Amino acid sequence: MILEGPVLIYGRVSNNNFVITDDTELNYPEKIPVVWNYEFDDPELVLGYAEISKVENGLWATVHVSNELFKCVMHDRGKIYCGGYYPYPKSHTLSDGVRCVDKANLMALGVYETGDEWVYLKIKEE
């Protein structure tokens, strides 16, 4: 199964009160792991891997799902929220309290039931 969708929109403040802009120095490998709910320590919750590409307003993911249980979940849902795991060694706080990320590394992708409405994955191919 292949899922696709936006995983980062530049300039949108996340539910976790941080923002990545098009000026952020953002590094990421060609492929990253995808896990359920950021549970990196449980191999059964690894869902597959994502290929990341830069688009005009952020980052796009093509996710190759290998976890059979998650495939069943996606058949019932059609859409799932996601978010990046971004260790960011450099940031500053804006006057409104939002953390603006200056430099970050996208290391993995987490998927979960609820989240920022603009970062999600949908089924592209069975």
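Predicted model: local features only at pLDDT ≥ 70, side-chain atom pairs only at ≥ 80, totals over all residues.
Q: Where are Asn17 and Tyr38 found?
A: Both positions are in loops. Asn17 is in the loop between β1 and β2, and Tyr38 is in the loop between β3 and β4.

Q: Within helix α1, which residues are buried, and which are exposed?
A: The helix covers residues 68-77, and Phe70, Lys71 and Met74 are buried in it. Seen down the axis of α1, the buried residues fall within an arc of 105°, so they line one face of the helix. Glu68, Leu69 and Asp76 are exposed on the other side.

Q: What does the side chain of Asn67 reach at the start of α1?
A: A side-chain oxygen of Asn67 comes within 3.1 Å of the backbone nitrogen of Leu69.

Q: How is strand β1 placed, covered or open?
A: A strand can be read residue by residue. β1 spans residues 2-9 and is mostly covered, with seven of its eight residues buried.

Q: Which strands pair with β1, and in which sense?
A: Pairing is read from the bridges between strands. β5, residues 58-65, pairs with β1 in the antiparallel sense over seven bridges. One of the bridge pairs is Leu8 with Leu59 in β5. β10, residues 120-125, also runs antiparallel to β1, and three bridges join them. There, Leu3 stands opposite Ile123.

Q: What surrounds Thr24, and is Thr24 buried or exposed?
A: Thr24 lies in strand β2. Its relative accessibility is 10%, so Thr24 counts as buried. Leaving out residues up to four places away in sequence, Thr24 touches Val101, Asp102, Lys103 and Ala104.

Q: Which backbone atoms does the side chain of Thr24 reach?
A: There are two to find. The backbone nitrogen of Thr21 is reached at 3.0 Å, and the backbone oxygen of Val101 at 2.7 Å.

Q: How does the radius of gyration of the protein chain agree with that of a compact globule?
A: The idea is to set the value beside the one for a globule with this number of residues. For 126 residues, a compact globule would have a radius of gyration near 14 Å, and the protein chain has 14 Å, which agrees. Along the principal axes, the C-alpha atoms fill a box of roughly 45 × 25 × 25 Å.

Q: What share of the residues is buried, and what share of the contacts joins residues 24 or more positions apart?
A: Of the 126 residues, 40% count as buried. Among contacts with a separation of 6 or more, 66% are between residues 24 or more positions apart. The chain exposes about 7,100 Å², with carbon and sulfur atoms supplying 46% of it.

Technical notes:
Residues numbered from 1 in each chain as written. Heavy atoms only, no water. Buried < 20%, exposed > 50% of the residue type's maximum accessible area, 1.4 Å probe, protein only. Helix = DSSP H or I, 4+ residues; strand = E, 2+ residues; numbered from the N terminus. Arc of directions from axis to C-beta. Polar contact = N/O pair within 3.5 Å; in protein donor to acceptor, adjacent residues only side chain to side chain. Rg over C-alpha atoms; globule rule 2.2 N^0.38 Å. Contact = heavy atoms within 4.5 Å. Areas by Shrake-Rupley, 256 points an atom, 1.4 Å probe, with all protein chains shown as cover. Pairing = 2+ DSSP bridges.
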